[in-house]
Amino acid sequence: MEQGFKKAIPHPNPPRRRGNVAIIGGGAAGCLCAYFLIKAGYEVTVFDKGSPLATLLPTGGGRCNLAHAEYDFKELAKNYPRGEKFLYSVFSRFSTYDTIALFEELEIKTYTQENGRIFPTSNSAKEVREKILERIKKTEFVKEKVTAIEVVEGGYKIISSPSSGGKNSYFFSHVVVATGGKSSFDFLRKLNIKIIPPVPSLVGLNCDIKMPAGIVLKNVLSKDLNIKDDILFTHFGVSGPLIYTISSIKAREKFPYKLSFDLYSFEFELQKLLNLYPHKDFKNILSEIFPLNFAKAILGEFAEIKACKIDGRTRDYILNKVHNFELTVTGTNKGEETVSAGGVDLSEINPKTMDAKKYPNLYFIGEVLDIDGFCGGFNLQNAWSTAFVAAENIKLSN
Ligand SMILES: Cc1cc2nc3c(=O)[nH]c(=O)nc-3n(C[C@H](O)[C@H](O)[C@H](O)COP(=O)(O)OP(=O)(O)OC[C@H]3O[C@@H](n4cnc5c(N)ncnc54)[C@H](O)[C@@H]3O)c2cc1C
């Protein structure tokens with residue numbers, strides 16, 4: 001059992017306990033919802049099949065990119081390929097300013113990077129985890145996997161499977177589902193809640209080209225989406241910030257699909273360079289703008305040819321490869337996904353309360369919903385904001 005958490009005692013015939021709240025999933029959304037409720041004097045039980053807030057540890061490469069410096073809630077919502085409109089109401093109640101204030105309250109100082117990403121000044125996801133866990137010490141933590149939720153008079157029965165085997169059942173008047181986007185949705189089956197099948201997002205893409213792995217090109221233009229960012233060539237295909245954004249926007253596109261890039265959309269007069277250095281190998285001329293290995297791969301059979309021997313046709317062929325670099329995407333790189341696109345269909349949920357339209361007092365928050373954002377702190381912002389709205393409504397209804 002995790003230190004600091006009380007053991008909840010399962011009941012063969014669950015007693016009726018008015019006003020008690022269960023949170024299924026002790027990730028970012030679940031633990032923050034627990035925090036808001038405990039602060040207001042509620043008794044909260046968190047069910048998690050693993051350790052609470054373990055999912056926070058790898059965020060931001062261990063630094064925890066906890067929000068993004070976008071302070072207009074409608075602009076903020078534009079960073080969610082799925083969920084934009086739904087989040088208007090959520091973010092109008094809890095957005096970036098509130099996140100910063102929340103972290104101050106948790107005694108976690110933050111700073112904003114040049115690119116707008118907000119981190120704790122300690123640059124430590126571990127510290128963020130510890131400080132949140134310290135504030136929710138009063139939580140009853142049940143290390144059990146929830147296998148079903150059933151509607152019963154006055155609330156919900158939670159059925160779970162402890163690691164020791166068998167089954168436990170519990171009764172709660174209010175239940176918050178915060179199981180994230182990567183776990184099974186089977187435990188919701190009996191409720192007949194519509195689930196959009198999850199697919200990987202913010203992920204590297206497998207493709208048909210083989211360029212030297214490990215090379216990063218800066219400010220590459222995606223011609224399909226008209227956005228510029230860095231691209232990383234890998235042994236399976238492509239990755240890096242530009243590819244993550246593309247993988248998010250095209251998360252539901254069928255494979256295979258084509259992508260086209262301008263690898264160098266700046267002023268670049270190749271003929272001038274060829275004239276200027278007639279005795280240089282072509283690879284050394286192209287290495288003015290690309291790493292040498294990459295220049296060699298683009299040039300292929302022309303890499304070792306002297307500049308003065310390059311005719312107009314070859315020059316244009318290479319220029320076309322640079323400015324119209326095409327690849328065919330065949331899939332996503334398994335296990336690399338940061339979030340999943342899909343989850344509980346937003347038409348099932350009231351954005352003003354976060355509870356299910358069909359089931360009062362059954363709430364859904366965080367990535368379990370069909371909401372996902374780009375890289376940059378947007379996914380954790382969704383977790384904090386939806387957790388806040390659910391907690392506020394529980395306080396009103398209970
Ligand atoms: C490597 C990596 C880096 C990331 N970096 C960032 C970042 O820097 N900034 C950002 O904004 N986002 C980042 N994200 C995304 C972000 O971590 C998630 O969007 C966020 O954690 C979602 O929070 P959540 O509480 O909804 O779900 P989760 O954090 O996934 O938590 C769900 C919890 O539910 C539990 N659970 C699931 N099913 C059951 C069940 N049936 N019974 C009991 N327990 C269950 C799980 O064990 C888990 O603890 C990153 C993700 C990854 C993978």
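**Notes on the predicted model**

1. The structure is a predicted model. The shell around the ligand is made up of 14 nonpolar, 16 polar and 4 charged residues.

2. Of the 34 residues around the ligand, the nearest are Gly25, Gly27, Gly60, Gly180 and Gly366. Two or more shell residues come from each of helix H1 (28–39), strand E7 (144–152) and helix H11 (378–397). H11 contributes the most, with 4 residues.

3. Strand E1 (residues 21–24) runs parallel to E2, and 4 bridges join them. Ile23 has Val46 in E2 as its bridge partner. Between these strands the chain passes through H1, and the β-α-β crossover from E1 to E2 is right-handed.

4. E2 also pairs with strand E6 (residues 140–142), in the parallel sense and over 3 bridges. Here Thr45 stands opposite Glu140 in E6.

5. In a regular strand, side chains alternate between the two faces of the sheet. In strand E2 (residues 44–47), Val44 and Val46 point one way, while Thr45 and Phe47 point the other way. All of these residues are buried.

6. A separate point concerns the antiparallel pairing. An open sheet of 3 strands has the order E3-E5-E4, with antiparallel pairing. Strand E3 (67–68) and strand E4 (110–112) each have a single partner strand and stand at the edges, so one side of each is left without a neighbour in the sheet.

7. Between E4 and strand E5 (residues 117–120) there are 3 bridges in the antiparallel sense. Tyr111 stands opposite Phe119 in E5.

Definitions and conventions. Residues numbered from 1 in each chain as written. Predicted model: local features only at pLDDT ≥ 70, side-chain atom pairs only at ≥ 80, totals over all residues. Near = placed C-beta within 6 Å. Nonpolar A, V, L, I, M, F, W, Y, C, P; charged D, E, K, R; others polar. Pairing = 2+ DSSP bridges. Buried ≥ 20, exposed ≤ 12 C-beta atoms within 10 Å, placed from the backbone. Right-handed = clockwise from strand over helix to strand, strands pointing away.
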